[in-house]
Amino acid sequence: MIKASKFLKSIKIRTKVILLYISVLILSLLLTYGIFTIMSERQIEQEVGEAAMQTVSALKGNLDFIFENVNQFSDLIYFDKDVQSALSKINSSNINPHVQQTMQKSMVNMLLSGDYISGVFIFDTYNNYYNSYKSGPISVNKDIIKETYWYQKTKEAEGDVVFIHKSEDVLTFPTKKDKNYISLVREIYDVDTYDELATLLIIVDEETIQDYFEEVGKKYNSQFCIVDSNNNYIIRPNGYDKSMDEYIFQYSKDENGYRTLEADRNKMIVAMQELGIGDWKLIGTIPLNLNNISVSKAYRTWIVLIISLNLFFIFACSVALTNLIFKPLNRVQKHMKMVQGGKLIQMEVNEKHSDEINDLKKVFNQMVDAIDNLISEVKKEEQIIAKNELDIIQAQINPHFLYNTLDAVSALALIEDNENCLKMTQALGNFYRNSLNSGLDLVSIQDEMECIESYITILNMRYDNKINMTYDVEEDIKELKILKLILQPIVENAAHHGIRNKKGKGTISIKGYRDEDEVIFIVTDDGLGMSEDRIHEIVEGKIQKEKSGFGLYSSAQRISLYYGIEKPITITSELGNGTEITIRVKVI
């Protein structure tokens, strides 16, 4: 699973889209095939069910024909004058040979006329019986006739035909214990007096009906049978097996029609038709083997058409996606690699288009432009830093400051003011030691203060203690590191341009404190001050190097570049009332 996920993440978008579409296509085809298969199965079930009903109806017609013929043959005996005459002459339980001969002749004629009649029996009112049958022997138990249920039904029918299943043990077949047959029974009355003469029983053999069933069932491998409402077989299916009871009796009490059911994991169509004889039903079962039934021609055509359309659609989509998306994306990818290689060339953008790829090109061009500008800014800043560093070095070894200080030292030496000479020499040494700081960029706030003290000491010795210096720096921040020489140029600017040309003495004060993640320095002097225009020139860097304020601008640039602060220095001044400069640096 993890390997598959890594593989999917590593392949190209084009391949992912095509794989996704192929997956959707396969799912669509499977869904289409499944829907058409279900529809085809239902259509096949309907067609087979209707065919089963037609077959059952046709069989019912054949059975009706047989039963009607048997009924007509019974009429021949019923209304035969010789039979009527012979039966009316019987007056004892002894069989009259003449009556026997007449009855035998009539019954034989019936057997010869109907292939589906296998036996004829007549029971007179004196408990005598006469019979003729094609296959035997047949044992007759005449003494129980009047106790049977069918005998009562024939009485109630008053001469009409009644069809029964077997004969309730009146007839038995010693050689065939399970002989199955259908019997027509009816009372024979005197046509003139309507007196009861005899009971007629005609046997229709099961084999005759089974032959019809077998002939019809060969085509669909189907089975047919006749059952009653009590789940008793009147005529069993050909090749009967006990397992057939499950699906034959399951719907035997339903109305006419067909049903689809599962039998032994196979589908079966069961068609039912009432015979019109009591509660008997003709049932036909046809196996519905859908595995061997192909999808209908119409559905196959639709499936082939849908597959063809989908294949054409995937080809067309592949071409369209390639031209509209993948080719432009490939060009964007190649261009990005060129930019990655250092060639900052913008892509061509079609202003008429407003798609995502065109928007991507616009954003990419903006990014390239931003990178180009950033590189230019970085180069410019590097130049500024290099220049400012050079200016700082020059300031550190300012020859005028050095020469003037050395001249002052020489003068002190000539007048043999050894104490002040030593004091100035030591201050000069401390100043350069702290400002140079072995080439390091960071110094502690304490070292920066000492550097300023050394610088003011030298100036005061040169200008007759004209500058009064005060400090208000929190003890907690004195050990923090800051960029070196960010306060000294500001103090120098205050001394030379604010205090030196002022009448009398002046004061420079430095306040330092911490404000969350920043250190704030406020340098205040009571010198000559500056105008708003002058402040604007200093902030915008419009002054020349020789003029006052250049050190302020350079310091602001250094702090801004090093600490990433946009406006690290704020100047507040008024002509004649001094200047206040606020410096913000981040805590390192």
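Trainee: Is aspartate 525 buried or exposed, and what is its relative accessible area?
Mentor: This is a predicted model, in which local features need pLDDT of at least 70 and side-chain atom pairs count only at pLDDT 80 or more, while totals for chains, interfaces and linings use all residues. Residues are numbered from 1 along each chain as its sequence is written, and side-chain values use heavy atoms, with hydrogens and water left out. Aspartate 525 lies in strand β17, where strands (E, at least two residues) and helices (H or I, at least four) are DSSP runs numbered from the N terminus. Buried means under 20% relative accessible area, exposed over 50% and partly exposed in between, with a 1.4 Å probe and protein chains only, so aspartate 525 counts as buried, at 9%.

Trainee: Which backbone nitrogen does the side chain of aspartate 525 reach?
Mentor: Not counting residues up to four places away in sequence, aspartate 525 touches Ala494, Ile499, Thr507, Ile508, Gly578 and Thr579, a contact being heavy atoms within 4.5 Å. Of these, isoleucine 508 is 17 residues away along the chain, with the two C-alpha atoms separated by 4.4 Å. A polar contact is a pair of N or O atoms within 3.5 Å; within protein, one must be able to donate a hydrogen and the other to accept it, and residues adjacent in sequence count only if both atoms are side-chain atoms. At 2.8 Å, the side chain of aspartate 525 reaches the backbone nitrogen of glycine 527.

Trainee: Which residue stands opposite glutamate 580 of β19?
Mentor: Strands pair if DSSP finds at least two bridges between them, and β18 (residues 569-573) and β19 (residues 579-586) pair in the antiparallel sense over five bridges. In a regular strand the side chains alternate between the two faces of the sheet. In β18, Ile569, Ile571 and Ser573 form the covered face, and the uncovered face holds Thr570 and Thr572. The residue opposite glutamate 580 is threonine 572.

Trainee: Which residue in the hairpin of β18 and β19 takes a positive phi?
Mentor: This hairpin has five residues between the strands. The phi in question is near 85°, and the residue that takes it is glycine 576.

Trainee: With which residue does aspartate 205 form a salt bridge?
Mentor: The closest N and O atoms of the pair are 2.7 Å apart. Aspartate 205 lies in strand β7 (residues 196-205) and the partner in the loop between β5 (171-172) and β6 (181-189), so the pair ties together parts that are 26 residues apart in sequence. The partner is lysine 179.

Trainee: How far apart are the C-alpha atoms of methionine 469 and isoleucine 452?
Mentor: Methionine 469 lies in strand β14 (residues 467-473) and is buried, with a relative accessible area of 15%. Beyond its neighbours within four places in sequence, its contacts are Ile452, Ile456, Val491, Ile508 and Ile510. Methionine 469 and isoleucine 452 are 17 residues apart in sequence, and their C-alpha atoms are separated by 9.5 Å.

Trainee: Which backbone oxygen does the side chain of arginine 558 reach?
Mentor: Arginine 558 is placed in helix α15 (residues 550-563). Arginine 558 is buried, at 7% relative accessible area. At 3.3 Å, its side chain reaches the backbone oxygen of leucine 485.

Trainee: How many salt bridges does the structure hold?
Mentor: Side chains of opposite charge can pair when their charged atoms come close. Among the examples, glutamate 475, which is exposed at 58%, forms a salt bridge with lysine 478 at 2.8 Å between the closest N and O atoms, and Lys155, Glu187 and Glu196 are linked in a network. The number of salt bridges in the structure is 10.

Trainee: What share of the residues in the chain is buried?
Mentor: The chain has 15 helices and 19 strands. Of contacts between residues at least 6 apart in sequence, 62% join residues at least 24 apart. Of the 588 residues in the chain, the buried share is 41%.

Methods
Salt bridge = Lys/Arg side-chain N within 4 Å of Asp/Glu carboxyl O.
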